[in-house]
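This report covers an annotated span, a helix pair and a chain contact. The structure comes next.

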Amino acid sequence: MMKGLTNWRLFALMTALLVFLSGCGREEISTLIPAGKVAQDQFNLLILSTIVMTFIILVVSVIYVLAIVKFRRSKLGDDMIPEQVEGSAKLEFIWTAVPIVLLLILAVPTVYSTFDLADVTAMDSVNEEGEQNNLTVNVTAKLYWWEFEYPEQEVVTAQELVVPTDERVYFNLISADIKHSFWIPSVGGKLDVNPENVNKFYLEFDKESSELEDGVFYGKCAELCGPSHALMDFKVKSVDREEFDQWIAAMQEEPEPAADALAQEGEETFANSCIGCHAVSGSGSAGAVGPNLATFGDRNRVAGFMEHNEENLKKWIQDPQEYKPGNLMPDGETNNGGEPFSEQELDALAAYLMSLSVEE
Amino acid sequence: MSSLAQKKGFGAFIWDYLTTVDHKKIAILYLISGGFFFLVGGLEAMMIRIQLMKAGNDFLSAGLYNEIITMHGTTMIFLAAMPLLLAFMNAVMPLQIGARDVAFPFLNSLGFWLFFFGGIFLNLSWFMGGAPDAGWTNYASLALASEGHGIDFYSLGLTISGFGTLIAGINFLVTIINMRAPGMTYMRMPLFTWTTFVASALILLAFPPLTIGLFFMVFDRLFDANFFVVEMGGNTIIWEHLFWIFGHPEVYILILPAFGIFSEIFAIFSRKRLFGYTALVFATILIGFYGFMVWAHHMFTVGLGPTANAVFALATMIIAVPTGIKIFNWLLTIWGGSISFTVPMIYAVAFIPSFVAGGVTGVMQAMAPLDYQLHDSYFIVAHFHYVIVGGVVLGILAGTHLYWPKMFGTMLSEKLGMITFWFFFIGFHLTFFIQHFLGLMGMPRRVYTFGADQGWDLFNMISSVGALFMAIGVLVLLVNVVLTQVKNVRVGNDPWGDGRTLEWAIPSPPPFYNFAQTPLVRGLDTYWIEKMEGNKEGMVYAEPLGDVHMPNGSIIPLIMSFGMFVAAFGALYFLDDTKPWALAVLIIGLGITFGSMLVRSLKDDLGFHITKEELIEDAKRGGNTDGLK
């Protein structure tokens, strides 16, 4: 038995070591590396509760270890009949009262923070010119992709949310089909995206995403929503206010026609096969059938999760079901009126889509 | 009724179990079928961990993965953990209160067969077009969108097995209220009986909301009702409320009996009365009561608003207090005792740190704003496996070793038991401890795959290795069971030597009438009191030896449940245009059920009497006849 115990200690030690070595996960997605006020508040609660809980675990462990070491039958002899103690009112009082006090320590910041994080009263406040004081983004979750509408700016994009840093950004969340959940782990906790009501909350982005290794924060769907729930990712670009204003302005402009020949060819194919569902202009409002592609060339991923290159894009256009089962995009053959896209057409489409950009 | 024990053929043996109304045999049926479903659920768990072993694995497809996680959760909760606990309740509780059977032996059998056919029906979905795939929580918008019949298997199967559980709960409540032996006051009841009592009350109050939710779901999917259809003015959040009004108490339905088993173990193997028995009883009742006040903590991120979230956060935190009381009382029970580290005790000792770890993360999640981060991430997966595996499953494994001699008259090998324990315990922590960090590192739950670039590879690998350890532990347990039954070394009344309650005062396994004479209970731990006073018989009696009235066995419960099983197929295919026979099947199935109810109602079955002479005869032969006629 003692040998078993030592093994167990060794395992515990190894586990602890591993956790320490691999750090806290990736900056783009870990809740342990908060990159905004909301995530920071939540991280602080995590630390506070961990301290309190460690204290409790320590108390229990000390009594526990002493008890199982001191009162082993092998030590006390086989015939020993212990005193049959009934209990102790004093002790019962202590282990009722002390936990209540500890819980109060946790309860106060919990209640404060619950109300603080749900405070969206400033969402609709306007300045003297009737412009909103804060940026609002309407998020619509659809089967395995995300649509982001900036209602005041009359701009719409998809899959890659662009937000200004160091200010409060308010979100209206609604689902177009079934329940999803909107989660950017390193920036703040999740909020469900229900089909029947608009959920509102705010986030703050303290860090520019260009400082991150991958250049974007990772966003996730956190509520099981069907086969491709695991692939319903989105990305977040946080930029300073000036850059954000430029981005908005660029989005509001009509897209320029494709420049080189291959891309022009792709534009034609696109107009025949894809434009029914996908817009390529960033100016507009929510409610499209497929993701808006105005920023496609600027994006970090194809379909939210595949590496951003023409190869993957072509594979995706040909057979979306293969890569994201259950999504609603028809395959290449259907889009092309019954016959598969030729290699040439795919190259052209890819070149065209990659040329869609609003960033310099 | 002829002589008590005779040689019998295999057919008679099977028939005996199919018709039995004896609580001890029903316990064995629960143990075997619960054990079977535990292995099925475990197999599903292994497939999940193989799929998540490395980034971008393609062992399982996306849709199949969702079916497997759904069936893993549903099977483990409804078809493994609950029946296994019901097995111990059935086997032990009537003995602990000095009763000859439960209050309604016929219903006891009906409850088992309903559960059994519900479970079989649910699992047949694998072979009949696909299993349910909306998670064990079956959230309405996804469930309604799910194609095929998987979700219908879920709602119909759980409706049937839910009836069974509800019947079992009512039966235990009535039994404990009415059938305690003279002197067995409420505050002298063993703690396992107390937890059975409170858990049964929770079953009575918690299963109706689930049944309502499932009915709505069945009507929405099969008969085009619109309870959850948003476009038609329905509301999916109602499902979440109904599910969790059931779902949270369900957690306590599982953990309280496990607490009961551990309470017995701590007292027995420390040779010491439970410290703070009264406090433990009231903590049990309080946990049961608060269990109904906290369901919305599963819904912090739904958008209920800060007031609801704050209220439910505080209510949830309060539950930590009675749970803490229990932990400290158990610690003080072993403190000053004489601890013998048998297999049951080693599980109980391992339970304390495991469950405390699960408990503290529970309090962390009660803090609503922090839960916005933890909810639906791997942190919560780690948390509920810490309480359910670290609490309930360790309790079931401990109970299996503790009560095996009482149920089967043989002792599981302590040596193999220790091997199982170490594999399972190490594997358990290896699998789930690391998942806390996966959650904090941003990994959502219920994802069938993950990208290599998110920093989750190593921890997932470790977790999968841990699962393998647990599987080895379970396999060793199976070997242990087989070897023990093959060797068939019989044991006496009190095989652990330190039994304290009535069940250890009678033979192992007990005769089918349990007590030839109803015992008189003189205090808490009544057998211990008699032992300490040198009473060789282990009990004093409340009545002279006389004829004993016993119920007859019956095949009707099985037929009645089978009717429901048939009817469920009719309901399942009701809307399919290609299956016009569905309506006929529905009617035939219900006909079988109602017909057998009619037979049961019209045919008088007054049971039989064992005469005094037969009891004396039986006592001479050791008094552990299994009561075959």
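## Annotated span

An unreviewed UniProt entry lists "domain: Cytochrome oxidase subunit I profile" for residues 9–522 of chain B. UniProt positions follow the numbering used here, feature names are shortened, and annotations may be inferred rather than shown by experiment. In residues 9–522 of chain B, the end C-alpha atoms lie 43 Å apart. The span is 70% helix and 0% strand. Helices (H or I, at least four residues) and strands (E, at least two) are DSSP runs, numbered from the N terminus.

The model is predicted: local features need pLDDT of at least 70, side-chain atom pairs count only at pLDDT 80 or more, and totals for chains, interfaces and linings use all residues. Residues are numbered from 1 along each chain as its sequence is written, and chains are lettered from A and ligands numbered from 1 in the order in which they are written.

## A helix pair in chain B

Helix H11 (residues 343–366) and helix H13 (residues 378–408) of chain B pack at about 160°. Their axes are 8 Å apart. Axes are lines fitted to C-alpha atoms, for helices over the stretch in contact, and angles run from 0 to 180 degrees between N-to-C directions. H11(B) and H13(B) are therefore roughly antiparallel (an angle over 145 degrees).

The residues of this contact comprise 15 nonpolar, ten polar and no charged. Ala, Val, Leu, Ile, Met, Phe, Trp, Tyr, Cys and Pro count as nonpolar, Asp, Glu, Lys and Arg as charged, and the others, Gly among them, as polar.

## Chain A against chain B

The contact takes 81 residues from chain A and 81 from chain B (C-beta atoms, placed from the backbone, within 7 Å). On the chain A side, H4(A) gives the most, with 15 residues. That side has 46 nonpolar, 22 polar and 13 charged residues.

Conventions. Contact = placed C-beta atoms within 7 Å. Parallel < 35°, antiparallel > 145°, perpendicular 65-115°, else oblique.
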